[in-house]
Amino acid sequence: MPVKELPLRKEIAYAAGMMGWSTMTNIIIVMLPYFYLPPNNSGLKPLVPQLLVFGAFNILSLIAASGRLFDAFYDPFIASVSDGSDHPDGRRIPIMRYAILPALVFCGLVFRPLQIEESTSNAWWLTLMLVCFFMSVTTYIIPYNALLAEMAHTTEKKVKLSTFQQVGFVMGMIMSALTNNFADLIQEIFHVQQRMEALQYTIYGLSIFSGIAMALPVLFIKERNYSEGKPTHVALVPAIKSTFRNKNFKYYLISDFSYYTALSIISSGLLYFVTVLLKLPESNGGMFMGIMVVLSLLFYPFINYGAKRFGRKALVIAAFAVLSLIFVTIYSLGQLPFHPRVQMFILVTFASFPLAALGILPNAILADIAQKDTEETGENHEGMFFAVKYLFVKLGQTLGIAIFAMLTVYGKDPGNDFGLRLNGVVGFVLCIVALLFFSRFKEEQ
C-alpha cells in the first residue's frame, strides 16, 4: 500500500516528542554548571571541587566531556540497530518507546547529588548519571530524527515538518529556561526553604512532563502508515564511512558542530550573564528566553518563504553572521550605555532570527542529503546520517559546556567576570568558522 501523508494532528504529535527531549537536554545544558558550580550570589553551594587538571580544565568540564564520550560510541550503534530493524511496527518508534522512562529518571538523578557539599563523590556520581542519561535520550533522538526524512516526502514538507520540530525544540528551551521561575513558585506556594530543594522538585516535575511529551508520537503515529523505510543491510562501519564520503555532509557537519558549541555556551552562560554581568534577578533569564523564542516564532513564516525565494543556504549564512555579532555583544554586557534590561532585550531580539533559521533549516537540509544518498545507493540508512549529525551536536554541546566551565576559572562572580566575557570571544570565532564552512555547501537547485 502507498504511504500516506502525515496529517496536521500527527505533525503536532511528532513535534511534541521534540519538545520532550529538548526540555530534558536543555535542563542539563542550562542548569548543570549553575547547579554544581554556582556564582557566589546565587544562594547555592558548590557541589564539585574547582580543581584544575593540566592547568586549564576544571572537574566539571571533564565530567561533561566524559559523559558524552560513552555516548559518542553509542550513537552510531543505535542508528545501526534502528536502520536494520525489521520490527513489524516500523524501524524507529518501537525503539523510541523503550527510551522514555530511563531518560526522565536519569535526568532527575543528575541533579540528586550524594552530598550537599563540595565533594569528589558528587563528581563520580554526576559522571555516571550523565552517561546513563545521554545513552537513554540518544535511544530516542536518533530514530526520532530519522523519521523526518521518511515521513516528509518532498522538500517543502521536510521544511514544514522541520518547522514543527523547531517549535517543539524552542518550547523545550523555554521550559528549561524557566526552571528558576518554577522554583520561585514552589518556594512561595509550598514554603520550601532550601533553594536547592526547590530546583530539584522543579527538575523532577519537568522530567515527568518531558516523558509524557516524548510518549505522544509513540502513541499516536503508526509508522508503517507514513514511512516506506526498509531495513538496510550495510554493516555499521561501512555505513559510517559512507556518510563521510558525501562532501556536502562534511561541510554541513562542521558548521552544525560549531553552531551547537556556540549555542551551548550561550545556554550554559545565560544565568551567569543575567545575574553577574547585568546584575539582574535569575528569574529574568527565563523571561528573556521566553521573549527570544516568541520573537523567533514571528520569523517562521519568513524562513519558510525565504527558503523558497532565496534558498536555504543564503538564510543559514545570514544567520551565522548575525549570531557572530551577538557574541561580540556578550563580551560587553553590563558595560553598554543602556539599562541592563534594555541590553538583554537588544540581545534576544537580534538572536531571534538565527534561532529560527538555524532551528528550521539544517534538519530539512540533512533530510534531503539523506534522501538523495538513499536514491543514489539504494540503501535506507537515513538513521546513520542523523546519528552522525547528533553525535557531533552532542559533542558540540559538551564542548560548549566544557569551554564555559573551563573559562569560569578566569572569573564567574560579580567584580571578577573576565571568564564570562571570554565566552563572547570564543562564540564569535565559532560562528565565523561555521559561516566559512557552510559557504562551501553546494545547494541543490
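Reply: Happy to. A salt bridge here is a side-chain nitrogen of Lys or Arg within 4 Å of a carboxyl oxygen of Asp or Glu. The count by this rule comes to twelve salt bridges. Side chains of opposite charge can pair when their charged atoms come close.

Please keep in mind that this is a predicted model, in which local features need pLDDT of at least 70 and side-chain atom pairs count only at pLDDT 80 or more, while totals for chains, interfaces and linings use all residues. Residues are numbered from 1 along each chain as its sequence is written, and side-chain values use heavy atoms, with hydrogens and water left out.

Let's begin with E150. Its side chain meets that of R91 in a salt bridge, at 2.5 Å from N to O. This pair links distant parts of the chain: E150 sits in helix α5, R91 in the loop between α2 (59-83) and α3 (93-96), and the two are 59 residues apart. Helices (H or I, at least four residues) and strands (E, at least two) are DSSP runs, numbered from the N terminus. E150 counts as buried because its relative accessibility is 6%, and R91 is buried with a relative accessible area of 0%. For those words, buried means under 20% relative accessible area, exposed over 50%, and partly exposed in between (1.4 Å probe, protein chains only).

E150 has another partner. R92 forms a salt bridge with E150, the closest N and O atoms being 2.6 Å apart. R92 is in the loop between α2 and α3 and E150 in helix α5, so this pair also links distant parts of the chain, 58 residues apart. Both R92 and E150 are buried. Put together, D83, R91, R92 and E150 are linked in a network of salt bridges.

Elsewhere, K158 and D368 join their side chains in a salt bridge of 4.0 Å, N to O. Here the link runs from helix α6 (K158) to helix α14 (D368, residues 340-377), across 210 residues of the chain. K158 and D368 are both buried.

Two further buried residues deserve a stop. T127 lies in helix α5, which spans residues 120-151, and T127 is buried with a relative accessible area of 16%. Leaving aside residues up to four places away in sequence, T127 touches I63 and S66; contact means heavy atoms within 4.5 Å. N58 belongs to strand β2 (residues 57-58) and counts as buried because its relative accessibility is 0%. N58 and I365 are 307 residues apart in sequence and 37 Å apart in space, C-alpha to C-alpha.

Two packed helices are described by the angle between their axes and the distance between the axes. Axes are lines fitted to C-alpha atoms, for helices over the stretch in contact, and angles run from 0 to 180 degrees between N-to-C directions. Helix α6 (residues 155-177) packs against helix α7 (residues 179-190) at about 45°, with axes 4 Å apart. The two are therefore oblique to each other: angles under 35 degrees count as roughly parallel, over 145 as roughly antiparallel, 65 to 115 as roughly perpendicular, and the rest as oblique. M175, S176 and A177 in α6 meet T179, N180, N181 and F182 in α7.

Most residues other than glycine have a negative phi. H191, in the loop between α7 and α8 (195-220), has a positive phi of about 55° although it is not a glycine. H191 is exposed, with a relative accessible area of 60%. K279 also has a positive phi, near 55°; K279 lies in the loop between α11 (247-277) and α12 (283-309) and is exposed at 59%.

Finally, the surface. V328, Y331, V409, Y410, F418, V425, F428 and V429 make a nonpolar patch of about 660 Å². Patches are made of residues with over 30% relative accessible area and no salt bridge; like charges are joined within 9 Å, nonpolar side chains (Val, Leu, Ile, Met, Phe, Trp, Tyr) within 5 Å. Accessible areas come from the Shrake-Rupley method with a 1.4 Å probe, and for residues only the protein chains shown count as cover. α13 (312-331) and α16 (418-438) each supply at least two residues of the patch, and α16 gives the most, with four. V425 is found in α16 and is partly exposed, at 43% relative accessible area.
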